Each structure stands twice: as C-alpha cells, then as structure tokens.
Amino acid sequence: MFLSSTLKKVLLILVLLVELFLYTLFLYFDFNDINIEISNWLKYVGIIVCFLASLMPIFSKNPAKSQYFIPFSLFFTLVSDYFLLINTDKSLYIFGVVIFIIVQLSYFIYIEILKKNKTSFLISLIFRIVLSSILIIVLSILQFDLLSIVSVCYFVELLMNYVTSLSLIKINKYFLIFSIGLLLFIGCDISVGLNNLDLFEGNIKNLVSNLMWTFYLPSQVLISFSNSINYKNIVYRV
C-alpha cells in the first residue's frame, strides 16, 4: 500500500494537530501541578505519534534507504522514554540513557550517509570513539557514578550530531528542520541537567523542570516530520 502525496499532506496536518493538542494539554497539567501520571502518558502518546508519523515515507513509492533511519531512531526513542518517563523504578533509568546513545549513533550514521563522504565517516567515527573513551576514563577517575558517565557520553554525541547536521543544510535547505529538532533536543537535555543539579528552588526549579518537555516534544515532532519534508525537493536519493 502506497500513500499518495495528498494523503501524506493530510496525515501530516492531522498529526500536527494531535501533537499540538497533546502538547497544550500536558503543559497545562505540568505548569498547574495537575496529575503527573496522566501528563506523562500524554507525553508518551506524543512520542508514539511521532514514531508513527515518521513511518509515512516508507509507505511511499521507492523510499530512500536513508529514510528508514529516523523511524529506527524514534522506535528506540520510544523505548528509552518508557524507562525515563513511564517506568517508576529509578534503577532502570540507566537503560533509558544507554538506549538514547543508540538513538544518537543512528542519527550519526544517518547524517554521514547523507553527506556521502566515506573519509568523513571514518574520521568522525574514530574521533567519537577516542573522545568517548577519554571521557569514560576521566570521569571514572573522578569517581562519577555510571549513570552520570553514560549521560555525559550521550550528551556529547547529541552535540556532535547537531554540529554535523548543519552541513546537511548545504545539500538541501529542508534539512534545517532536522537540525532545529536536534537543537531543541539539546535544550531539553540542558534543562534535565540543570534540574538534576538542584541549582534552583521554588518557582524557578519548577520552570526548569517543565522546560524539559517544552523543548522535547517539539524536537521529536520536527525530527519525525523531517523524514517526510526533507525529501520533497531532495536533489539525490540515498
């Protein structure tokens, strides 16, 4: 079954409306301290919708091979968010962060495939391995706990993906959507870090905590949508 161009546009508009509804609703819940459990499920449904929306290009005629990477990444995002958002056993949080590293590695491969430069891929891969190894050794010597070490390695991967994604805009301006998605992703993780460091109290702490998903759902929506929009006028297929 193939989706027509018109049907895809209609579905994308419907997805956007659903995401806006969920986003408005859970932000209202969060900023007014209303039932966090319901709010968390609203957020999780939003990520499920992002994953489903990212699958649309696969049901088009002759999808590009690279268009499978974003659904793959969002599937693992879904799994990660279960551990970090729905799961109540804090000892399992580390699995969520480790899975997020898989997500970022998938985006790394996606970006490098689109750049079509094997030398760049090998250099970037070696650099990431060396940098991650150094971080793990240094943070271990400084006696950081395992969750903190994994979190730092994940965040560095995300930062590097954002920086390298900017080169895709030279290939096609529509990749800006993907880059902005990663930038908002960074905004979310900075908010997570500030919240976990307990640097603030009272209303400011609540604001920082609520900013996590204020950034996060829009980031995933943009990344999901980029899988459809980026290829509308793409100059080559990979």
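This is a predicted model: local features need pLDDT of at least 70, side-chain atom pairs count only at pLDDT 80 or more; totals for chains, interfaces and linings use all residues.

Me: Fine. How many helices and strands are there?
Reply: The protein has 9 helices and 0 strands.

Me: What are the dimensions along the principal axes?
Reply: The C-alpha trace spans about 50 × 45 × 25 Å. The radius of gyration is 18 Å, and a compact globule with 238 residues would come out near 18 Å, so the two agree.

Me: What share of the residues is buried?
Reply: Of the 238 residues, 45% count as buried.

Me: Let's look at α6. How many residues, and what's its reach?
Reply: Helix α6 runs over residues 146-165, which is 20 residues. From first C-alpha to last it reaches 29 Å, close to the expected 28 Å.

Me: What caps its N-terminal end?
Reply: Asp145 does. One of its side-chain oxygens sits 3.1 Å from the backbone nitrogen of Leu147.

Me: Which α6 residues are buried, and what do they pack against?
Reply: Among the buried ones are Ile149, Val150, Cys153, Tyr154 and Val156. The buried residues of α6 pack against α4 (93-115), α5 (118-141), α7 (168-171) and α8 (176-196).

Me: New topic. Which residues touch the most other members in the largest nonpolar core?
Reply: Tyr107, Tyr110, Phe178, Phe185, Trp213 and Leu217, out of 47 residues in that core. Helices α1, α2, α3, α4, α6, α8 and α9 each supply at least two residues.

Me: Which helix gives the most?
Reply: α4, with 9 residues.

Me: And what does Trp213 contact, sequence neighbours aside?
Reply: Beyond four places in sequence, Trp213 is in contact with Tyr23, Phe26, Lys43, Ile47, Leu85 and Pro218.

Me: What's in the second core?
Reply: That one is separate and has 6 residues, including Leu135, Ile149, Cys153 and Val156.

Me: Last one: Ser39. Buried or exposed?
Reply: Ser39 counts as buried because its relative accessible area is 0%, and the cut-off is under 20%. It lies in helix α2 (residues 36-54).

Me: Which residues is Ser39 in contact with?
Reply: Phe26, Phe29 and Asp30, leaving aside neighbours within four places in sequence. Phe26 is also among the contacts of Trp213.

Technical notes. Residues are numbered from 1 along each chain as its sequence is written. Side-chain values use heavy atoms; hydrogens and water are left out. Helices (H or I, at least four residues) and strands (E, at least two) are DSSP runs, numbered from the N terminus. The expected span of a helix is 1.5 Å times one less than its number of residues. Buried means under 20% relative accessible area, exposed over 50%, partly exposed in between (1.4 Å probe, protein chains only). Contact means heavy atoms within 4.5 Å. A polar contact is a pair of N or O atoms within 3.5 Å; within protein, one must be able to donate a hydrogen and the other to accept it, and residues adjacent in sequence count only if both atoms are side-chain atoms. The radius of gyration is taken over C-alpha atoms; the globule rule is 2.2 Å times the number of residues to the power 0.38. A nonpolar core is a set of buried Ala, Val, Leu, Ile, Met, Phe, Trp, Tyr and Cys residues joined through side-chain atoms within 4.5 Å.
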